[in-house]
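This report describes one protein, moving from its overall build to selected residues. Please keep the sequence and the structure in view while reading.

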Amino acid sequence: MSSLLRRWYFVLAGLVLTAVLGWTAYQTVPERYEAQGSILLMPADSVVGTDGNPYLYLSGMNDALDVLVRRTNSGDMSEQILTGSTGATYTADRDATTQSPIIVFSVEAGSAPEALRLLEAAMTAAEWNLDTMQEELSISEERRITARDLVVDEEATKNTKTPLQMSIIVVGAGFMGTLMATGMIDGLLVRRRMRAQERQDSTSPEPPERPSMSADEPDTANAAPGHWHAAMWTAPGAGRSGPAAASAHPESHPDRQTVLEPQRR
């Protein structure tokens, strides 16, 4: 956290760049449109009868529904439905929310008109497959299962989920990259400053050492101003004997000693 506070300008620049990249990703993802529809399998007329209710016989067609879904999603059928459509997809699945024999179709294409066209093509292909399955078994018309459109979108809706997901991925990656890059840059700058300080300390001249002082040598540097050390004063005529030497010694002249050695406080 301290590195982020020290290098706040790097964090700010990274966040601005991340926002720009996220917005760019949202705008550059190709537009996609979705359309959905569903069909319901209806029982044969021979089963329902003249005055019968066909919705009472829906539970007996689940096996036929599974076969129809598999044939509609086959590779050959997908190639026929998606011919001339670049990047478009469709799926035909059994409706998992109900026990009724319902097939749900989902189509995604690059434009709204193309999505509606592919939806109609997929639903038409499912009905054709249903007729072909029964025709191959030589089932008469009155005993055949039929299909009826249940719900069909009249307008395709724009898919905003894919661009939003891409933007979230880009923003998340940019945010983490900003934090990691800021920490690395801060570490490099701190180490560089420490190395520069070490080089400066190693090249700076050391102060000269103070010469050692013998025990007999007086410490004149620490002597207080106005005070003379007795060892610093050499009496005139030192080494001589006689009256001259006696007169030269400070003890023989009390008044001179008073002048030379003021009273210490």
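This is a predicted model: local features need pLDDT of at least 70, side-chain atom pairs count only at pLDDT 80 or more; totals for chains, interfaces and linings use all residues.

## Burial and surface

A residue is called buried when its relative accessible area is under 20%, exposed when it is over 50%, and partly exposed in between (1.4 Å probe, protein chains only).

Residues are numbered from 1 along each chain as its sequence is written, and side-chain values use heavy atoms, with hydrogens and water left out.

## Overall architecture

The protein contains nine helices and five strands; helices (H or I, at least four residues) and strands (E, at least two) are DSSP runs, numbered from the N terminus. Along the sequence their pattern is α-α-β-α-α-α-β-β-α-β-β-α-α-α.

Contact means heavy atoms within 4.5 Å. Of the contacts with a separation of 6 or more, 69% join residues 24 or more positions apart.

Is F10 buried, partly exposed or exposed? F10, in helix α2 (residues 8-28), is partly exposed because its relative accessible area is 31%.

T132 belongs to helix α6 (residues 112-136) and counts as buried because its relative accessible area is 14%. Its side chain reaches the backbone oxygen of W128 at 2.8 Å.

Terms used: A polar contact is a pair of N or O atoms within 3.5 Å; within protein, one must be able to donate a hydrogen and the other to accept it, and residues adjacent in sequence count only if both atoms are side-chain atoms.
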